[in-house]
Every structure is written in structure tokens, then in C-alpha cells.
Amino acid sequence: MHRRLVNRRTVNATVALTIIFVASAVFTGAVHAQRRTAATTPANSIPSPKSVFGFDPGQDRTIIDWKQITDYFARLDKASDRVQVTNIGTSTLGRQMIAAIISAPENIRNLDKYKAIQAKLADPRKVVSDAERDELVRDGKTVVAISCSIHSTEIVASQMSTRLAYELASDNRPDTLAILQNTILILIPSPNPDGVDIVANHYRKTFGTNAEGSSPPELYHYYAGHDDNRDWFMLDLKETKNITRLFWKEWFPQIVYDIHQQGSNGSRFFVPPFYDPPNPHINALLLRQVGLIGHKMAADVTAAGYRGILTNALYDTWWHGGFRTAPYFHNSIGILTEAASARLMTPSNVTREQLARSSTRGMNSAMEVSTNFPNPWAGGTWRPSDIMGMELIACHSVLSLAANYRADYLRNFYELGKAGLAQLTSADSLGYLISAGQGRDENVAKMIGTLVEQGVEVYRLDKELHGSAVAQYLAKLPNGKREITYVGAIAGGPPEIPAGSYVVFLNQPYRQNVLALFEPQVYPDRTTANGEAERPYDVAGWTLPMSMGVNTQLLTNLTEPPNERKLTLIKSENDVRKDLALPLWTSDKSPIVNPVKPGIRIAVYQNSRSGNMDEGWTRYVFDAFNVPYKSANETVLNDTDPSANFDAIVLPSEQTRANPDSDAPTQGETARGISDKGYANLAKFVEGGGTLICFDGSCAAVIKQMKLPLRNVLAGVRSSDFYCPGSILRINVDTANPLARAMSKDMDAYFINSSAFETTDNKVQVVARYGKDDVLRSGWLRGEDRIKDKIALAEVAMGKGRIVLFAFRPQHRGQTWGTFPFIWNAINLSSGQ
Ligand SMILES: [Zn+2]
């Protein structure tokens with residue numbers, strides 16, 4: 001293998017070659033194999049990836065798909081007593097998801113024992129004494145989860161998983177044996193198997209053409225695309241649910257390492273520590289342990305000869321809902337690495353000029369030396385094997401730390417759980433109350449179900465409580481001027497908590513998770529050197545009760561303590577559904593009753609040339625609510641009369657439209673997106689009585705094309721003057737409008753670099769406006785004055801039909817259940833068949 005690479009090496013490949021050798025030496029080093037203990041395995045009895053696939057995964061222009069990956073793991077399971085493959089559920093499109101448990105044979109034979117130890121360490125209430133704690137720490141193993149290629153175009157790690165597993169299954173060097181004896185590895189070859197095949201099929205289809213190495217045109221997760229890594233507190237997707245169960249009900253890993261790739265032209269490898277701001281609910285001990293592992297990775301990869309390793313940049317820990325951030329709120333260490341991408345499995349060339357132009361938070365240029373980027377890469381050919389080499393080393397860094405400091409990891413994990421049970425500093429805060437009888441039963445059921453699924457304890461109050469005081473929750477913004485008031489349904493009501501209410505106590509091992517989900521986020525106002533807003537890595541606010549439209553209150557000063565007689569632990573969403581007389585989950589199919597009138601024919605626009613995550617989430621929400629619809633692509637809208645087939649058409653948020661009519665066709669494709677003719681067809685559709693529903697980014701083109709009397713006051717405004725990157729804002733709703741049926745006057749809406757309209761035409765019916773004051777509820781809003789009292793939701797009559805324009809995102813990432821009913825109300829304005 002090495003000789004073949006040498007034959008076509010370049011200056012850059014010399015570096016790559018060295019690293020590949022070092023990376024393999026870390027695990028294989030068969031020359032030094034020691035076979036003295038019973039745990040050693042004759043390496044030749046284990047099938048190598050090369051012997052099975054005919055090439056080493058990671059080699060240029062090779063790819064293995066999900067079937068090949070799972071077949072290989074099945075072989076390892078059979079051949080090696082160090083590997084046990086377990087089925088962890090099915091994917092959205094029905095593929096089998098797997099995790100390979102890898103450890104020493106004596107550990108593999110006793111997995112139930114180690115699971116029991118983990119369950120106790122995760123919940124210190126189950127540990128009766130310090131002596132028992134010490135015993136658990138002495139006997140337990142560090143449980144490490146490594147997950148590959150959740151983002152399917154970041155494909156190399158999925159290929160790497162076979163080599164990592166092989167090397168651990170076959171190598172007998174002392175450090176590998178120490179890893180096997182002291183750790184239990186949960187290796188997830190991919191948490192998105194559907195996407196591995198979407199990418200592998202696309203790669204094979206375009207292989208040898210100009211499009212080789214391009215991304216597939218569709219979303220690589222059926223609903224979420226790239227947002228499959230934005231679901232880890234919401235648990236909408238089957239994949240997220242399966243792994244959440246594996247992690248936070250079964251294995252409680254101390255370390256979760258999520259392997260990603262980033263763009264091609266910047267640093268070669270990002271490893272933690274992360275950038276600012278940190279989430280205030282992540283324990284300092286976790287952040288320090290994250291930094292330790294990141295620096296170990298950086299040192300090992302640098303020692304192996306790699307250049308361009310970056311720490312303390314771009315990626316932050318503020319936002320909650322990612323694969324490696326959810327662990328922080330389960331007292332676990334979450335690690336992310338981001339290798340520079342090639343072109344899928346095809347090498348790419350990166351010039352010095354491209355590197356010099358690449359900058360991000362914490363890195364002025366990918367050519368500039370700094371303390372957190374001491375050794376820039378000089379450019380040249382970048383190969384999948386470079387990516388794989390670094391990832392293999394990083395996996396080894398994690399595993400060797402986990403093995404060598406096993407007792408520290410176990411003890412720290414236990415102590416963090418214990419901290420969640422410690423006396424609260426403020427005597428006022430006992431927990432959160434979700435009071436009975438507030439309506440929005442589906443939202444309440446989903447929210448509690450989701451909390452319970454991720455290991456948060458929620459109790460039902462079976463008997464009312466008296467003599468309690470329920471305080472409103474107040475959070476001050478950093479400028480000290482405004483307050484966010486968490487208005488509760490029974491605030492100021494009778495001093496009694498009604499039976500059937502739900503209580504989430506703060507005294508639980510996952511206290512930080514409760515706080516991070518229930519409290520309003522107060523994102524710091526951060527500015528770049530040129531005065532623009534410094535973009536957070538993801539969104540700034542996500543407070544769950546707000547996005548879900550569920551009333552909660554901070555529970556304080558109970559004079560009559562709740563006891564076991566009054567409290568029942570909720571086990572699943574179905575427990576809540578029973579309480580609220582909702583239909584139960586009996587299979588994977590959502591039991592929610594379709595809120596749309598029968599006979600209305602609905603189309604959801606789908607750009608078939610480039611995946612749109614907002615479109616995917618729209619389909620998710622429609623499927624979750626059992627609302628029937630058809631996807632209509634640009635050909636349908638551009639070339640046919642939609643009124644013949646549809647009564648309501650939804651245009652998900654999409655801002656990528658670049659004058660499709662003037663675009664010269666590329667690569668044999670015709671124009672992209674909805675054309676002028678398509679908008680003319682949509683105008684005819686509305687005039688004939690249709691309902692056109694536009695979400696956020698799709699409004700601009702409709703306003704322009706149909707000459708609607710609305711103006712987005714935020715268009716063209718600089719981020720120094722206005723900025724709101726994913727936050728929850730207050731809207732005031734005209735509840736007399738049919739579009740607001742069953743909604744409240746004061747509501748929360750999701751704004752993510754969205755719009756705000758004004759009009760001078762009284763034929764625009766204003767359904768909702770952003771708040772007159774205290775607009776920000778959770779997240780970050782700079783320049784509140786520009787948005788105050790501006791239109792958030794409008795209806796414009798046209799001919800016999802209407803256009804409904806959402807300035808915000810009513811179904812953002814399947815999380816904003818509070819505003820879903822606006823969508824159903826809009827559709828229900830249609831007359832249907
Ligand atoms: Zn990624």
C-alpha cells in the first residue's frame with residue numbers, strides 16, 4: 001500500500017504518507033505484538049477491511065456503502081470476541097442502525113454488569129455509600145461512544161469506522177490491550193445510514209464525470225438533511241431517538257466523540273477547546289475535560305506530522321441540540337472534530353491563496369501562525385486518507401486517555417450527577433410546573449415525552465397541592481433594562497397547584513439539562529472588530545416551553561412538600577397521552593389527529609435540484625400531524641396549472657433563488673427554482689381561489705413577483721444595526737382573525753435572520769405583529785426598535801384567493817409547536833374539494 005502511494009506522491013503526499021504510517025502503527029504494529037495474555041487475538045483470524053472490500057477504506061476514489069459497512073461489522077462480530085454488534089433500531093427510511101461494542105473479551109462477556117455500574121454512576125441516588133462509590137469506580141470501565149459521519153457528505157469517518165474496529169479487534173500491542181481492558185467503546189459507524197447510501201450512490205453515479213465528488217442534490221436525511229445534528233433535545237427523528245435511548249437509558253457514556261468534516265479551504269483539523277461563548281449551564285469541570293482531550297488530540301496529530309491543526313475557534317458550546325452538545329447536559333464529555341473535506345472520496349487541491357483567504361472566529365487566516373494555530377498547512381493535494389489518518393489518531397487519543405485515566409473519568413462523571421442533586425443555592429427554585437388544564441395537549445405530551453426520553457425526570461401530581469406559592473420567573477438581560485417575564489397560567493391565581501399538573505424538579509442528576517431547556521437564553525451581545533455582530537455557531541435561543549407554546553412556571557416555596565403518594569414518575573409520552581385522553585403511540589406512526597379539514601389538496605414545494613432543510617422539516621411536521629400533502633417540484637409549479645391539482649400550496653423558507661430565468665443551464669440542467677412563469681402560475685392559482693402560504697425566506701420573491709403591498713424593513717440592514725440569529729420573539733396576535741383561531745394574544749415565534757413587514761395598504765390583514773416592547777424572549781436581539789410592532793404574519797387577498805405570509809419560521813426544525821396551528825389555520829381557510 002505504501003509503495004503504491006510513494007509512486008505518485010507529491011510534496012504534500014509525503015506528509016500524508018508519513019501520517020498514514022504513523023496512524024496505522026498506533027494500532028497495528030504487528031511486529032511488536034505481544035501474545036502473553038488470554039485477551040490477545042491472532043490477527044490473521046480477523047478479516048481485514050482490505051481482505052473483504054479489495055481495498056483499504058479511505059483510499060482515493062473508493063467508497064463503501066451501508067450494506068458493506070454493516071456486513072463487515074457482522075463479520076467482525078462473528079470472528080472476534082472483542083466485538084459485539086448490536087441493532088439499535090431502524091432509520092427513517094427503514095435501514096438497520098447498528099452500534100459495535102468493542103472491549104476486552106472478558107468485558108464483552110459481562111456487558112450487563114458494566115451497564116449496571118454505569119446506571120449507578122449516572123444516578124448517585126442509587127449509590128448507598130462512599131464505599132460503594134469507590135467500588136464502582138474501581139470496577140467500572142470508561143464508556144466511550146464514537147460516532148461517524150452524522151453528516152453524510154462528511155463521509156470519511158463512516159469508512160474509517162471499519163479500520164478502527166479492525167485494528168482494535170486484531171491488534172495485540174500493550175497500549176491497545178490496555179484500551180480494551182479499561183474502556184468499552186460504542187462505535188456507531190453512522191447515525192444516519194440512509195445518508196451513507198444517498199452519498200455512496202451519488203458518488204458511484206457521478207464517478208468519472210465532471211460531477212465526481214459533488215454533493216447529492218437531495219437532503220441526505222429524508223426530513224432534516226444537515227439538521228439531523230440539530231435534533232438532540234427535541235428527538236423528532238427516529239435516529240435521534242434510537243441513539244438517545246442507547247446513550248441516556250442504557251449506557252451513559254462518559255465520553256461522546258462526534259466526528260465531522262468542515263469546508264475544504266480552512267484549517268485541516270479543528271479540535272477542542274471550543275470558542276466563546278460557553279453555555280452557562282455546562283459545568284466547568286466538563287469544559288476542562290473537553291479541553292484536555294482536544295489538546296491530547298492536537299498534540300498526537302501534530303506529533304504524527306500533520307499541520308493545520310486549529311483549536312479555540314469557530315465552534316462553540318452555546319447551543320444545546322447537537323450530537324456532541326447533548327452529552328454536556330448529561331454530565332458527559334462531548335468532543336467534536338472537524339477535518340477539512342476533500343471532494344467526498346476524491347482528492348482536492350487547495351492553493352495557498354485559498355488558505356490565506358479563509359478566516360473565521362479565532363483564526364484570521366489559514367496561513368497565519370497563532371497560538372491556537374501554530375503550524376499552518378502549506379496547501380497542495382488533500383486526500384481522504386489524510387482525513388482518515390487524523391481521525392484514527394484522534395480516536396486513539398480519546399481511547400488512550402479514557403483507558404489511562406479511567407478512574408478519574410468515572411469519578412468525575414459521578415460527581416457531576418451528584419452536583420445536580422445538591423441543595424439548590426436559591427431556596428426559591430424547586431423546579432418547573434406545567435399546570436393542568438392549559439390546553440394544547442399535544443404540545444404538553446410531546447414536550448414531556450421528549451424530556452423523559454432524554455432521561456429527565458418528570459412527575460405527575462396525582463393530588464392537588466395547597467399552600468404553595470408560584471412565582472413568575474424573571475430574567476434580566478445584560479443591559480439591565482428589560483426583563484423577560486415567564487407568564488404562567490395560574491400566576492396570580494388560587495394558591496393551589498391542581499392535580500394532573502406535571503412537575504420537573506431541579507433536584508435531579510440532569511439538572512443542567514432542565515435549566516438549559518427551560519430558562520430563557522441570554523446570549524451575550526458580541527461584536528467583531530468592524531462593528532458587525534459576531535455570528536454564533538448555531539442559534540442563540542431555544543427555550544423549549546416557549547417554542548412549544550407550553551406554559552410553565554418556576555415552582556417555589558412549597559409549604560406542603562410533595563410526597564410519593566402525590567407524585568407519579570412519568571415513564572413515557574404515552575403516560576401523558578393517557579392522562580390527556582389523546583390517542584396512544586402503538587407503532588412508529590404518529591397518533592396525532594390530522595388538524596386539517598378533509599378534502600383540501602395540499603402541495604409543499606420541493607426544490608428538486610438542491611435540498612432545502614426548511615422544506616424537509618415542513619414535511620416532517622405534516623407527517624407528524626398526519627396532514628396529507630404532495631411534494632411539488634419546480635417543474636410542477638413552472639409548467640403546469642397548480643389550481644387543477646391543489647387548493648393550498650406551501651412555499652417553505654428558501655433564500656437561495658438567484659434569478660432562475662436568466663441562469664444559463666449548467667451540466668445539462670434546466671433553470672433552477674421557481675421561474676417567473678412559475679410565479680405567474682401561482683398568481684393565477686391564488687386569483688382562482690387558491691391559498692398560497694409563504695414561510696419567511698420565500699416571502700420576498702412572492703412580494704416582488706406579485707407586487708404585494710408589503711416591505712421587509714430588515715432587508716439590507718447591517719448586522720451592526722439589527723441582528724437576531726435564531727431566537728424566540730414575542731408576537732401580539734389578533735385573535736379575531738380566522739388565521740389565529742385558538743391562539744393566544746401574546747405568543748412566542750421563532751425568528752432566525754427572518755423578516756418583518758410594514759404596509760400602507762389596508763387590504764393587508766395583519767394577523768400578528770412583533771411585540772410593542774420586550775420583544776426578545778430568548779436568545780439574542782440587537783436593534784429591537786427596528787422590529788417593534790412590525791408585521792409578523794399577514795394575509796393579502798388576491799382575486800378569489802389569498803396569500804399568507806409568515807415573516808418568521810412557524811415550523812422551525814420541527815421544534816416550534818406553539819406556532820404550528822397558524823399553518824393548519826391557514827390551510828383550513830381553503831375551501832377544498
Ligand atoms: Zn458536520
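**Exercise 1.** How many residues line the second largest pocket, and which lie nearest its centre?

*Before you start.* This is a predicted model, where local features need pLDDT of at least 70 and side-chain atom pairs count only at pLDDT 80 or more, while totals for chains, interfaces and linings use all residues. Residues are numbered from 1 along each chain as its sequence is written, and side-chain values use heavy atoms, with hydrogens and water left out.

*Solution.* 
- Step 1: On a 1 Å grid over the protein atoms alone, a pocket is an open set of points where a 1.4 Å probe fits, with protein on both sides within 12 Å along at least five of seven lines; lining residues have an atom within 4 Å of a point.
- Step 2: read the lining. It holds 33 residues, and D236, K238, K241, W585 and D588 lie nearest the centre of the pocket.
- Step 3: find the elements. Two or more lining residues come from each of α11 (238–251), α16 (441–453), α19 (573–579) and α20 (613–624); helices here are DSSP runs of H or I with at least four residues, numbered from the N terminus. The largest share, six residues, belongs to α11.

**Exercise 2.** Sort the lining of the second largest pocket into nonpolar, polar and charged residues.

*Solution.* 
- Step 1: set the classes. Asp, Glu, Lys and Arg are charged; Ala, Val, Leu, Ile, Met, Phe, Trp, Tyr, Cys and Pro are nonpolar; the others, Gly among them, are polar.
- Step 2: sort. The lining of this pocket has 14 charged, ten polar and nine nonpolar residues.

**Exercise 3.** Is S719 buried or exposed, and with which residues is S719 in contact, leaving aside neighbours within four places in sequence?

*Solution.* 
- Step 1: locate S719 in the loop between β25 (711–712) and β26 (725–733); strands are DSSP runs of E with at least two residues.
- Step 2: apply the cut-offs. Buried means under 20% relative accessible area and exposed over 50%, with a 1.4 Å probe and protein chains only. S719 has 16%, so this residue is buried.
- Step 3: list the contacts, meaning heavy atoms within 4.5 Å. With those neighbours set aside, S719 touches E532, A533 and R782. A polar atom of the S719 side chain lies 3.0 Å from the backbone nitrogen of A533.

**Exercise 4.** What separates the C-alpha atoms of D56 and T162?

*Solution.* 
- Step 1: D56 is in the loop between α3 (49–53) and α4 (66–79).
- Step 2: along the chain, D56 and T162 are 106 residues apart, yet their C-alpha atoms are separated by 9.5 Å.

Note on methods. A polar contact is a pair of N or O atoms within 3.5 Å; within protein, one must be able to donate a hydrogen and the other to accept it, and residues adjacent in sequence count only if both atoms are side-chain atoms.
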